[in-house]
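Please keep the sequence and the model in view while reading.

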Amino acid sequence: ELYLKAIMIFDSEKDEFETGHSLKDLYAKLNANDKKGIEAIYNVKSFKKLNELLDESDKTFEQWRYAFEAGVTICVDGMIAFAESLKEYIESTKISV
């Protein structure tokens with residue numbers, strides 16, 4: 001979630017980002033070039049299609065925040081691949097040294 005919001009901040013003239021915790025909604029708000037770059041990295045790292053992962057893991061923050069109350073399932077490998085892909089994308093395109 002924070003990587004998605006970071007990309008929004010980098011792309012915003014006023015350092016703005018979307019609120020909320022929905023991974024699917026946050027990802028949908030990214031521009032097409034960002035999505036294309038992220039998906040290219042992600043597809044090398046994971047067998048699961050990104051849209052499937054986002055559908056399954058959309059409410060991850062809310063679910064895991066209260067995981068002690070009810071069982072929670074998640075594609076850990078897919079989420080790690082997604083997080084790594086976002087990090088790599090930010091490092092390669094948004095941060096200038």
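Contact here means that heavy atoms lie within 4.5 Å. This is a predicted model, in which local features need pLDDT of at least 70 and side-chain atom pairs count only at pLDDT 80 or more, while totals for chains, interfaces and linings use all residues. Residues are numbered from 1 along each chain as its sequence is written, and side-chain values use heavy atoms, with hydrogens and water left out.

**Terms for the helices**

- Helices (H or I, at least four residues) are DSSP runs, numbered from the N terminus.
- Axes are lines fitted to C-alpha atoms, for helices over the stretch in contact, and angles run from 0 to 180 degrees between N-to-C directions.
- Angles under 35 degrees count as roughly parallel, over 145 as roughly antiparallel, 65 to 115 as roughly perpendicular, and the rest as oblique.
- A crossing is left-handed if the near helix is turned anticlockwise from the far one by less than a right angle, and right-handed if clockwise.
- Ala, Val, Leu, Ile, Met, Phe, Trp, Tyr, Cys and Pro count as nonpolar, Asp, Glu, Lys and Arg as charged, and the others, Gly among them, as polar.

**Helices α3 and α6**

- The axes of α3 (residues 32–45) and α6 (residues 76–93) are 9 Å apart, at an angle of about 130°.
- The two helices, α3 and α6, are therefore oblique to each other, and α3 passes α6 in a right-handed crossing.
- On the α3 side the contact is formed by N33, D34, G37, I38, I41, Y42 and K45, which meet G78, A81, F82, E84, S85, L86, E88 and Y89 of α6.
- By class, this contact of α3 with α6 has seven nonpolar, four polar and four charged residues.

**Helices α1 and α6**

- Helix α1 (residues 2–11) has an axis that comes within 10 Å of that of α6, crossing at roughly 20°.
- That angle makes α1 roughly parallel to α6, and their crossing is left-handed.
- Residues Y3, L4, A6, I7 and F10 of α1 meet F82, A83, L86, K87, Y89 and I90 of α6.
- The contact of α1 with α6 has ten nonpolar residues, no polar ones and one charged residue.

**Helices α4 and α6**

- The axes of α4 and α6 cross at roughly 110° and come within 10 Å.
- The pair α4 and α6 is therefore roughly perpendicular, and α4 passes α6 in a left-handed crossing.
- From α4, residues L50, L53, L54 and S57 make the contact with G78, M79 and F82 of α6.
- The contact of α4 with α6 has five nonpolar, two polar and no charged residues.

**Individual residues**

- Buried means under 20% relative accessible area, exposed over 50%, and partly exposed in between (1.4 Å probe, protein chains only).
- In α4 (residues 50–57), L50, L53, L54 and S57 are buried.
- K5 lies in α1 and counts as buried, at 11% relative accessibility.
- Leaving aside neighbours within four places in sequence, K5 is in contact with F17, E18, T19, G20 and L26.
- K45 is in α3 and is partly exposed, at 33% relative accessibility.
- Not counting residues up to four places away in sequence, K45 touches A81, E84, S85 and E88.
- I80 of α6 is partly exposed, with a relative accessible area of 44%.
- The C-alpha atoms of I80 and K45 are separated by 9.2 Å, and those of K45 and G78 by 8.4 Å.
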